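Morning, everyone. Please have the sequence and the model open while I talk.

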Amino acid sequence: MLGDMKQIVLVIILAALLALAGSQGGISYWGIPVFALCAFLAIALQWLAFIPAYYLQTEKFYDLTGSLSFILLVILAWTLGGGGDRSLLIASCVIVWALRLGSFLFLRILEDGGDTRFDRIKPVASRFFFTWTLQGLWVLTTSACALAAMTTPQGVDLRWFDVFGAGLFVAGFAIELVADHQKRRHRARYGADQFIDSGLWRHSRHPNYLGEIILWCGVALLAVPVLSGWQWVTLVSPVFVAVLLTRISGIPMLERKADQRW
């Protein structure tokens with residue numbers, strides 16, 4: 001339990017530091033930086049969701065809560081950040097991605113009946129609470145550059161360079177969407193024990209993660225023209241997504257399971 005609490009404190013410190021960097025030069029509401037409000041909301045939403053999740057001993061709305069958090073954060077940033085075409089485009093990208101991913105993951109966990117990764121975590125309150133807190137950091141870090149761009153007072157009109165950023169997002173989103181659809185269709189037809197090597201999966205071992213990384217690079221490029229000072233730290237977003245998926249919780253876990261199964 002003590003180890004879990006130390007990790008929770010570390011997560012909160014990291015979130016606070018990112019909130020400090022993203023808030024520099026940003027718009028404030030009632031004297032509080034809007035970026036900081038978003039950071040607080042990212043963590044608070046997970047803590048609120050933890051209460052019924054622990055009581056019911058379920059992880060079924062874990063991913064859904066994360067996706068809804070992205071949507072609420074960009075809506076808050078858009079509402080209090082002053083708006084503008086760039087902010088609207090960035091918010092639209094995040095919302096479309098979150099709606100698609102959240103609904104996909106929620107329907108998948110309902111079909112599967114649960115997520116075995118949580119079996120040993122749910123009974124231990126401190127460990128389960130840490131998992132929810134960590135999701136808050138994931139939401140904040142992943143969306144950091146988008147939130148910083150939407151809450152900065154300086155506006156830069158959309159230019160030709162932004163077409164490249166929007167194009168990257170569309171390409172990444174399409175890759176992720178198609179890859180997820182192909183894998184679910186493959187499992188429905190052949191079961192989970194048969195290796196998938198058709199469609200996009202013929203060319204990439206993890207095309208869904210490839211699409212995820214590409215689309216967040218696109219969002220980052222849309223944010224770049226309006227960032228300044230310490231806000232540049234928020235460009236950790238696409239780097240964080242890439243490292244998380246390729247080195248920590250995504251591909252390494254799947255590769256270990258694949259090595260055992262095949």
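A definition to start: the expected span of a helix is 1.5 Å times one less than its number of residues. Helices here are DSSP runs of H or I with at least four residues, strands are runs of E with at least two, and both are numbered from the N terminus.

Now the ground rules. This is a predicted model, so local features need pLDDT of at least 70 and side-chain atom pairs count only at pLDDT 80 or more, while totals for chains, interfaces and linings use all residues. Residues are numbered from 1 along each chain as its sequence is written, and side-chain values use heavy atoms, with hydrogens and water left out.

Take helix α5, residues 125-150. At 1.5 Å a residue, its 26 residues should span 38 Å, and the end C-alpha atoms are 36 Å apart, which agrees. Still, α5 bends by about 60° at A144. That bend is the angle between axes fitted to the seven residues ending there and the seven starting there.

Is α5 enclosed or open? Of its 26 residues, 22 are buried, so the rest of the structure largely encloses it. Buried means under 20% relative accessible area, exposed means over 50%, and partly exposed is in between, with a 1.4 Å probe and protein chains only. At 13% relative accessibility, T131 counts as buried. Leaving out residues up to four places away in sequence, T131 touches Y62, F118 and I121. Contact means heavy atoms within 4.5 Å.

Next, Q46, in helix α2, residues 34-56. Q46 is buried, at a relative accessible area of 0%. Its side chain makes a polar contact of 2.8 Å with the side chain of S69. A polar contact is a pair of N or O atoms within 3.5 Å; within protein, one must be able to donate a hydrogen and the other to accept it, and residues adjacent in sequence count only if both atoms are side-chain atoms. Beyond four places in sequence, Q46 touches residues including W132, Q135, G136 and V139.

On to the largest nonpolar core, which has 61 residues. Such a core is a set of buried Ala, Val, Leu, Ile, Met, Phe, Trp, Tyr and Cys residues joined through side-chain atoms within 4.5 Å. Which members touch the most others? They are I90, W97, L140, L147, W216 and V219. Helix α5 gives the most to this core, with 14 residues. As for V219, neighbours within four places aside, it is in contact with I90, C93, C145, A146 and F169.

Now α9, residues 251-261. I251, P252 and A258 are buried. Seen down the axis of α9, the buried residues fall within an arc of 125°, so they line one face of the helix. That arc is taken over the directions from the helix axis to the C-beta atoms. The buried residues pack against α7 and α8. On the other side of α9, R256 and Q260 are exposed.

Last, backbone angles. W30 is not a glycine, yet it has a positive phi of about 55°. W30 lies in the loop between β1 and β2, and at 78% relative accessibility it counts as exposed. Q57, in the loop between α2 and α3, has a positive phi near 55°. Q57 is partly exposed, at 32%.
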